Amino acid sequence: MQVSIKWLKDYIDFTETPEELADKLTMAGIPVENVVDPGEGLEKVITGRIEKLEKHPDADKLQICTINVGQAEPIIIVTGAANVAEGQIVPVAMIGAKLPTGVKISKGKLRGVMSYGMLCSASELKLDLEKLPEAQKTGIYILPKDIQLGIDVKDILGLNDSILEFELTANRGDCFSVWGLVREVAVLTGNVPKWPVISVKEDAAEKSADLIDIRIEAQDLCSRFSSRVIKSVKIGPSPEWMQQRLDGAGIRAINNVVDVTNFVMIELGQPMHAYDYDHITGKTLVARYAAIGEELHTLDDSSRLAQADMLVIADAERAAGLAGVMGGLATEVTEVTTTVVLEAASFNGASVRRTSRACGLHSEASGRFERGVDIVNTPRALDRAVQLLQEMDACTVCQGIVDVYPNPKQSVKVCFSPDQINRRLGTLIPAETMIDILQKLEFIVDNSKDGFEVLVPSWRNDVTCMEDLSEEIARIYGFENITSTTPSGNVMQGCQSKKQNFVDRLKDILSGLGMNEAISFSFTNPSMFDKLNIAADSELRQAVPIMNPLTDDYTLLRTTLLSSVFENVMRNLSRKNDDIQLFEIAPVFAAKALPVTEQLVETLKLAGAITGRRQIVGWNQDNSAVDFYDAKGIVEELLTQLGVSRYTVEAGEHYAMHPGKTAVFKKGREVLAMVGEVHPQVLDALSISKKTYIFELDVEVLMKYAAESVHYQALPKYPAISRDLAMLVADDISAGDIEKVIMKNAGNLLVDLRLFDLYNGEQIEKGQKSLAFSLQFQSNTKTLTDAEVDPYYNAVLKKLEDTFSAKLRS
């Protein structure tokens, strides 16, 4: 956003220099990035008229000009320009003049003729050539014939001005207009604005509503749509003062109708668009969603395909423009236009931003809609535009405004107390000062039961709560007037959480067991569900889709960590890394329902896989491969080092593990770990050719049962008594069930229980197996005798016989 000081002074008087005003605005939260002087470096260049033109006697391409510069005597200037003629008014650089190009003018002699100055071209004056007609881009710059002689060309060209370039924050959409900036200047300087009186003479007999039908079909993207119809339009250039104001705002003048819409947009902050009425099919304009693949030909002479979520303004047959971004070429106002429909609307900012980015089009209008416009302002903007055109005698105005406003904006009221504001700002600002500041900003303040009630102006979309009011008071009161204080509070040393420390402990243990940690993205491919044998009705298939996935291969958040582990196994095997022992500790994600309406449930898991050789190849090592017991041993050692004890190991089932070769570690009813050989179908689906073993644990369950501290005890002073117990039991009885019975009936003297033999060979009856356990009894106070151990041993044997029909082997 940029605006000239002259434009601001059209509406408010102030004595501050542009630099001083820029500082005040910046300190008040309206940052001015730069102050530009358009006439910088241009000195002693005045207007002059060519009274006489003669050929140079000694040069075919030079001419001698006698120039009237409004002084007593004319001056002589020799020029080589071919486009000069007698009677023209031209810029004359006098002796001692300076040009923006850095050239300093002095008198000189050209082929024997003295020259006392120089005639200037547009490029030498550093004018914007893109805004000039072709005839003025080269040669001497020709000024209008009715200009007074001898005056500074900066006054004629609008270069005796200063341009403020703003770097406004997105929340201050109201300051993307001259009126919004004038309001701020009025508060900061204490001066009163001089708002122009907007009045329209509706001098055409027709009613706008009879000529044009306005509708809103996409009310979520267009909240108000207003229009006026003007007739007998005379297309031509806009007045010089308007062109200069637009030029100061960085906008090129086109014609009076387009210039007026741009002028009102900068002045009031309300973007507008003008349609050639005769090219509107069906005399209808409707704000609707674009049809899929609908083609538009925009004003930049480009054909575009609209997307289904874009808002367009369409007539009865086709889209006439991208709402809030750019109009269509078919309804463009041209030199032959006689009837114009002026549109002012309020469009959804997010929709305009998406459309603008998708099409690669950014305009002054789209920038304002993105930040929010004053929805109450559309009728006033239309009236202001037709008023300006009437003042140019460029049209007649049809009666009335066609205004579609289905859901009028409700007034915003905010309550506050001075104590609330002062506590938040750390100030002692009196209530009277607060009220004065808010009223100067055109907030309406009334007393309420608990303090004050503030009615927010319609153009301040950024003010919705007490905190916003405190910001307004602080910036106008002056941040420099608020005493700086050191924040108070308890200084805390940063540290890891208990869970983070536990995860580090897990990593240290597994690394010490010879495993390597893997780190992967939290994404997965939908095909992994089938490859891992996950049931069709499993909750694991309820994965959350990613709106903007990194690649098309990973479009879901993972629900099982095994998907990432297997991908790492496959990646290593494909690169001939055949001996793999890896683990990963990372979260998996579950949704309570799809589509997602609540926060996801994030669970921290530990998973690992081993395959290949047990040991690194060496002269003293064999080539034996890892097996189920290696994976089981890793989990057992992990639990041991964590201090998890008195758990059971049972046969289990897992979607990705081999039936009959899967173990589940339990603590009570909770599952600590699952260990097993990978199911052959899973290996085939993943193209893994060798046996692989995996384990999966829930970190939070592990943390629940892990010992928080280690208790040391002295080595036993007294010897232990060992007893072996070999028995025959049915094949379907697990060793874990037998261990439970032994531990329950062996008394407090039992300190160790181990299964040391399993046999079901020829000497054993079919359907049975032989299990042999070693029981160790020990006391901390004395040496045990056989007589003290026998009762426990016999109790165990009796219970096993009763429970499992076990038979003692001799």
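Throughout this tour, contact means that heavy atoms lie within 4.5 Å of each other. The model is a predicted one, and the stops below should be read with that in mind.

Begin by selecting glycine 324, which is found in the loop between strand E18 (319–322) and strand E19 (326–327). If you then display its surroundings, leaving aside neighbours within four places in sequence, you will find glycine 324 in contact with Phe347, Val352, Ser363, Ala365, Ser366 and Phe369. Because buried means under 20% relative accessible area, glycine 324 counts as buried at 11% relative accessibility.

Next, go to serine 564, which lies in helix H17 (residues 562–574). With a relative accessibility of 1%, serine 564 counts as buried, and, when residues up to four places away in sequence are not counted, serine 564 touches Ser520, Phe521, Arg558 and Glu584.

From there, select histidine 679, whose place is in the loop between strand E33 (670–678) and helix H19 (680–685). Histidine 679 is buried too, its relative accessible area being 16%. Once its neighbours within four places in sequence are set aside, the residues in contact with histidine 679 are Asn533, Ala656, Met657, His658 and Pro659.

The last stop is helix H22, so select residues 786–804. Helix H22 has 19 residues and reaches 26 Å from its first C-alpha to its last, close to the 27 Å expected at 1.5 Å a residue. Which residues of H22 are buried? Colour Val789, Tyr793, Val796, Leu797, Leu800 and Phe804, for these are buried in H22. They cover an arc of only 95° around the axis, which means that they are on the same side of H22.

To see what this side meets, display strand E35 (721–730), helix H21 (735–745), strand E37 (768–777) and strand E38 (807–808), against which the buried residues of H22 pack. Then turn the view to the face of H22 that is directed away from its buried side, where the exposed residues Ala787 and Asp802 are carried. Finally, step past the end of the helix to serine 805, which follows H22 and whose phi is positive, near 55°.

Technical notes
Residues are numbered from 1 along each chain as its sequence is written. This is a predicted model: local features need pLDDT of at least 70, side-chain atom pairs count only at pLDDT 80 or more; totals for chains, interfaces and linings use all residues. Side-chain values use heavy atoms; hydrogens and water are left out. Helices (H or I, at least four residues) and strands (E, at least two) are DSSP runs, numbered from the N terminus. The expected span of a helix is 1.5 Å times one less than its number of residues. Buried means under 20% relative accessible area, exposed over 50%, partly exposed in between (1.4 Å probe, protein chains only). The arc is that of the directions from the helix axis to the C-beta atoms.
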